[in-house]
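Please go through the briefing below with the sequence and the coordinates open beside it.

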Amino acid sequence: MENKNSFLGMFKKYIPASKNKNDDLKNKENTVIAVRNKIKHLEETLDNASTKKERKKIQREVKKLKNKLESGVDGAPGFTAPFGYLDEDAYLFTKKDRVMSIFDVIFRYGTNNIASPGWVNDVIPRSIIHHGEFHFIQRQRGMDKDSEDDVIAKHMKSNSETISKERKTESNAGERTRNQMRVDDISIAEELIGKEETIIDSDLMLIVKETDPDKIELALDELKDSYKDHAVKGIMTIRKTGEQLNSLRNILKEPHSDPRHNSDPTTIAASRLFLPSSGFSDENGEDIGYDLMAILPKQHALINFVDVKNAVIFSGGISAKGTFSNTGIRPTSIEFGGSALATVIGRSFWLGDSEKGYYGRRTHHIMLSDFDYRLPNSLSFDMRKEAINPFEVFGTPETVEDDFKANFKKAINMMMLLSEINEEDDEAKYARTDLETLLRRWYNEIAGGGGLYTKDPKNNPLRAQRVLADRQHEKYPLPTEFLPTLLNNVSEQSNKGDRARDRAEFLYKKMNGAFEDNPAIFDAHTTLPDIFTRDQRNIYYDLSQVSRDMKVRGALLINTLSYVVNRALDGETIIIHGLDRVDINEEMILDYQKIMKRRGIGKIIVFEESENSKINPETFSRFVGRLNTQDLVCVGGFSEVDINNIKWFQGLPETVISRLIKQEDGNFFIYRKKDRLSTVIKTNIQF
């Protein structure tokens, strides 16, 4: 449907305005009340004045107001009578620390012609506004019969002819175009009124609340900046100085009825309805796109992610849409849609929401996808140039036993992955057991010249704590220093027969080969820092370019995760971007899920691929958590294979399944557990 801006308002100038003999008296009464309220506010402020100079300034202002109140001097037209212009006439002081201003919201003619129904919702700012509390109020009422007849009978045809003549002589191209639009609008109005549609008067009011007038003006500046940044055109906010109290009293009465406001046949008025989405419309929420399941189109989805602790994002190979500040206002396709959404969530964590008791916290991003956008004021590690010693144990003295066990398993898993030992082969089925026995002996008796750990950590806690990493990473033994133990084992096993010697020799050769092939992993000391500064709000560990070998990436993932879960502070969040872009077993990372849970570390897992039968939310549910327990679930496209692989998808509404199975770029289904809200969103993420 076409939407037309107000086009019958132009006839209102021919309709005599109703006269009320008491209007002037009411205006004076309201003005006196407003000034008295201002005097009362200032007198209350006087008690809190911190300096003598400030007290004198307030006293002078109070005296000035009282003099004007007593003098009854008439003000200039348009200002407050009977005592002249006052700076404070633009505000209502409702109580000691509460001020409000009321505005008339007007749309410049032609700026939303043609537009889809729901376009009026563009008045809702898409950016986060740091000042002010905004209340939009739309009013609609049928035009009275006499006025309607007067417009139809006397003015529609003559005004159409007059505007057409003006168009021919108008030199300004823009004005000629607008005049043609006005003629077209009158023609549409005549057609709809001919079908006996009622003419509807409507307007939109805005109330801005704050603690003082300066902050109201800051809020207005932010609102205008938001419109400018998102190319929302034609919105004007008009404040009637000296009429604030009247505007408040009449806020729930009939709409304005004058040439500047909207008067339309019912069909057009319906397209102007101000109906914000009943879905995601959170205070201080991130604008991530349009709600495709709302009653009207162009309903912005505003989601406050600050209280999300655990989430799963399954993009299914679908791109997100986003707008980057340095590339203009047109949304572009972002290949790794799941990572794009996760980045917005990470941004929310740092900003926090003090009103809800959430304060900024750091997010750690383990990057396996090729999503290369980085949030500002962050720290990014290219893991091709960095190292984490797999044998180095990160943890605390209080949890050293659990920390050692987790790191021990991780080191074994890394060596088994990268040596490419097939544990199902007869020759290799004892390799893991032999490797565990030898590595345990190395930690207890050999590492660091006499051992770093103990067989009895409970009774020897101080010795056990020697295994923990400190700031002297260059002194911690490396995996390559474990090779002599493996070689000595070959000599030891030779005395036990050929079979024992062959097993030992097989293990040594496999490990030696893995270490030689991957020196950056097995022969390098930890280079990452021990602490992060406050302004480093998002820490990125970029593994996306280290190797295309899925097993190498898997080994690096579990090695990085072991470092991050111990470096992150309690209450921070870890996001794994692209868990399905590695080749590991779920068992390899379960210990770190337990550490995250113990320390209250949030966990957001992004699955970027479709039809991955080995790594998906179902097969890794012990690490990820069941989907019905997540604070937030985001799903892009999926196929019939995905629906069969992931049971939770089978319980989605048919309307959602029918949308997502089309695998349309930009569309994501979002479900939030706390209030059970869900919808499909056409993303337009702001970066």
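At what angle do helix α9 and α10 pack, and how far apart are their axes? Helix α9 (residues 400-418) and α10 pack at an angle of about 130°, with axes 11 Å apart, where axes are lines fitted to C-alpha atoms, for helices over the stretch in contact, and angles run from 0 to 180 degrees between N-to-C directions. This is a predicted model, in which local features need pLDDT of at least 70 and side-chain atom pairs count only at pLDDT 80 or more, while totals for chains, interfaces and linings use all residues. Residues are numbered from 1 along each chain as its sequence is written, and side-chain values use heavy atoms, with hydrogens and water left out.

**Helices α9 and α10**
- The crossing of α9 and α10 is right-handed, a term for a near helix turned clockwise from the far one by less than a right angle, with left-handed for anticlockwise.
- The contact (heavy atoms within 4.5 Å) includes Phe404, Phe408 and Met415 of α9 and Leu435, Leu439 and Tyr443 of α10.
- By class, the contact of α9 with α10 has 10 nonpolar, 2 polar and 3 charged residues, where Ala, Val, Leu, Ile, Met, Phe, Trp, Tyr, Cys and Pro count as nonpolar, Asp, Glu, Lys and Arg as charged, and the others, Gly among them, as polar.

**Helix α13 and its partners**
- Helix α10 (residues 431-450) and α13 have axes that come within 10 Å and cross at roughly 80°, and the two helices are therefore roughly perpendicular to each other.
- Ala431, Asp434, Leu435 and Leu438 of α10 meet Arg503, Leu507 and Met511 of α13, a contact with 5 nonpolar, no polar and 2 charged residues.
- Helix α12 (residues 483-494) packs against helix α13 (residues 498-517) at an angle of about 165°, with their axes 8 Å apart, which makes α12 roughly antiparallel to α13.
- The crossing of α12 and α13 is left-handed, and the contact between them has 10 nonpolar, 4 polar and 2 charged residues.

**Salt bridges**
- The whole structure holds 26 salt bridges, each a side-chain nitrogen of Lys or Arg within 4 Å of a carboxyl oxygen of Asp or Glu.
- Aspartate 282 and arginine 672 form a salt bridge through their side chains (2.6 Å, N to O), and the pair links distant parts of the chain, 390 residues apart, with aspartate 282 in the loop between α7 and β7 and arginine 672 in strand β18.

**Confidence**
- The protein chain averages a pLDDT of 82, and 78% of the residues score at least 70, pLDDT being the predictor's confidence in each residue, from 0 to 100.
- Over residues 1-22 pLDDT stays under 50, and the model has 81 contacts beyond four places in sequence for them.
- Residues 72-88 also stay under 50 in pLDDT, with 31 contacts beyond four places in sequence.

Helices and strands here are DSSP runs (H or I, at least four residues, for helices; E, at least two, for strands), numbered from the N terminus.

Note on methods. Angles under 35 degrees count as roughly parallel, over 145 as roughly antiparallel, 65 to 115 as roughly perpendicular and the rest as oblique.
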